[in-house]
Structures are given as structure tokens and as C-alpha cells.
Amino acid sequence: MNRILIAEDEGRIASFLEKGLRGNGFTTTVVADGVAAYEYARAGRFDLMILDIGLPLSDGFTVLRRLRQEMATIPVIILTARDSVADTVAGLEGGADDYLAKPFSFEELLARVRLRLRPERVPETTVLRVGDLALDLRTRRAHVGEHSVDLSTREFALAEIFCRHPDQVLTRQQLLSHVWGFDFDPGSNVVDVYVRYLRRKLGNQRIETVRGSGYRLRVR
């Protein structure tokens, strides 16, 4: 049974992670500050760490840097409310194996955890392509043809789930859960608003409305 260290100081999120991971067969330990995260991770008793950047006493970047300087190989998935490209790059270049911005869906986190725990890793897809649309998952940049398109964190997450399921109808609730995670409001029209944003940036005809069902990314 894989052992996961959760370094998260916000109780609601830590409980959300612990409950979900235990429900999927993992053993979990929760710590709430950077000093404890470092000490637990370096002890070598865990198979993976989920690391919040904004920890008290010692932030996640410092914890990660110290672990990698000591050649600790524990896979690390960073969680953070920071959504700038600079912070994403800093986390990855600092030795993180993956990066998720809050809010996030548990299903996406679980998929990333399982990927990092595979005994034999297959080459990871870092660029999703659907027609002339390309999403770089490491730099969080989008391209339409030869043109770079600036997307916010939520816009990119919405574009990503469409690209992972091309030509498939996705319901509003599926999209809410994926992009807004534990913070989503089932009665909100935020999905429709963000689909309009994506249409303006990626092309009006790219995302199709399926009446009574949801939305679909058309494969050109």
C-alpha cells in the first residue's frame, strides 16, 4: 500500500485530500508546516508527497529545495494558490514532479498521483494536441496554429479537460468538478461564462454547445 505525505496547513483541504486518498487505498499522514514536511519527507518512509507552497515556518519551495539538495528522490506534487507561470516554472525547476493550482478536482489529483507511483514510467504526454490547438502542460501555455494564446489558470484547466476528451460531450457538472474542484457551486453559470472566454480566445466554432447536455470540443 502506497504511503503519501500531505503537507497542507489549511484544515479543510487537508481533510479533503486525506479522505479521498484513503478512500482509494492509500495510507496518508498529514503535516501542517514546512519544518515537519521536510523532516517527514527526508525520513524515507513515504512514496510520494503532496506539498503546499504556502506553508508556515518554511515554505514549500524551501522544503523542496532542501530535499533535492540532499538527493531525496521522493516524488513531489505541488499544490498552490499561486497561478503565475513564473511560480509554475519555479516549482518544476526546483525539483517538483508535478504542479496543481488551487482549486483543483480530486479526480485530476488522483490521476497525477497514480502516474507518479507507476513502477515503470512510460513517457509522459506534455503537449495535448487537437487539430491546430496545442496545450503545453508544463509551461501552461496554449497555441492556436502558430499563435500563442494567453489563458488564465481556470481557462487553461477548462481547455485541458476538453483536449483530454475531444469530440466527447462533457456536462456542466463534470466541468465544474474538474476546474473548480471542492469550491464549485452546482447552481453556478461559471462554466458558460468561461466557455465564452475560451471561444473568444481559441475560436468561436471550436467548442460546440450540445443542448440539454453540455459542451464538446470539435475535432476539425
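One term before we set off: a crossing is left-handed if the near helix is turned anticlockwise from the far one by less than a right angle, and right-handed if clockwise. Keep in mind that this is a predicted model, where local features need pLDDT of at least 70 and side-chain atom pairs count only at pLDDT 80 or more, while totals for chains, interfaces and linings use all residues. Residues are numbered from 1 along each chain as its sequence is written, and side-chain values use heavy atoms, with hydrogens and water left out.

Of its 220 residues, 48% count as buried, meaning under 20% relative accessible area; exposed is over 50% and partly exposed is in between, with a 1.4 Å probe and protein chains only.

Now select residues 34-42, helix α2, and residues 60-69, helix α3. Their axes come within 9 Å and cross at roughly 25° (axes are lines fitted to C-alpha atoms, for helices over the stretch in contact, and angles run from 0 to 180 degrees between N-to-C directions). The two are therefore roughly parallel, the word for angles under 35 degrees; over 145 is roughly antiparallel, 65 to 115 roughly perpendicular and the rest oblique. α2 passes α3 in a right-handed crossing. Show the side chains: Gly34, Ala37, Tyr38, Ala41 and Arg42 of α2 make the contact with Val63, Arg66 and Leu67 of α3 (contact means heavy atoms within 4.5 Å).

Next, pick residues 11-23 (α1) and 106-116 (α5), which pack at about 60° with axes 11 Å apart. That makes α1 and α5 oblique to each other, and their crossing is right-handed too. Phe16, Leu17, Gly20 and Leu21 in α1 meet Phe106, Leu109 and Leu110 in α5.

Which residues have the most contacts inside the largest nonpolar core? Select Leu135, Leu151, Leu158, Phe162, Leu175 and Leu198, in a core of 31 residues (a set of buried Ala, Val, Leu, Ile, Met, Phe, Trp, Tyr and Cys residues joined through side-chain atoms within 4.5 Å). Apart from this core lies another, of 22 residues, among them Ala7, Phe46, Leu64 and Leu67.

Last stop: Arg129, in strand β6. Arg129 is exposed, with a relative accessible area of 65%.

Conventions
Helices (H or I, at least four residues) and strands (E, at least two) are DSSP runs, numbered from the N terminus.
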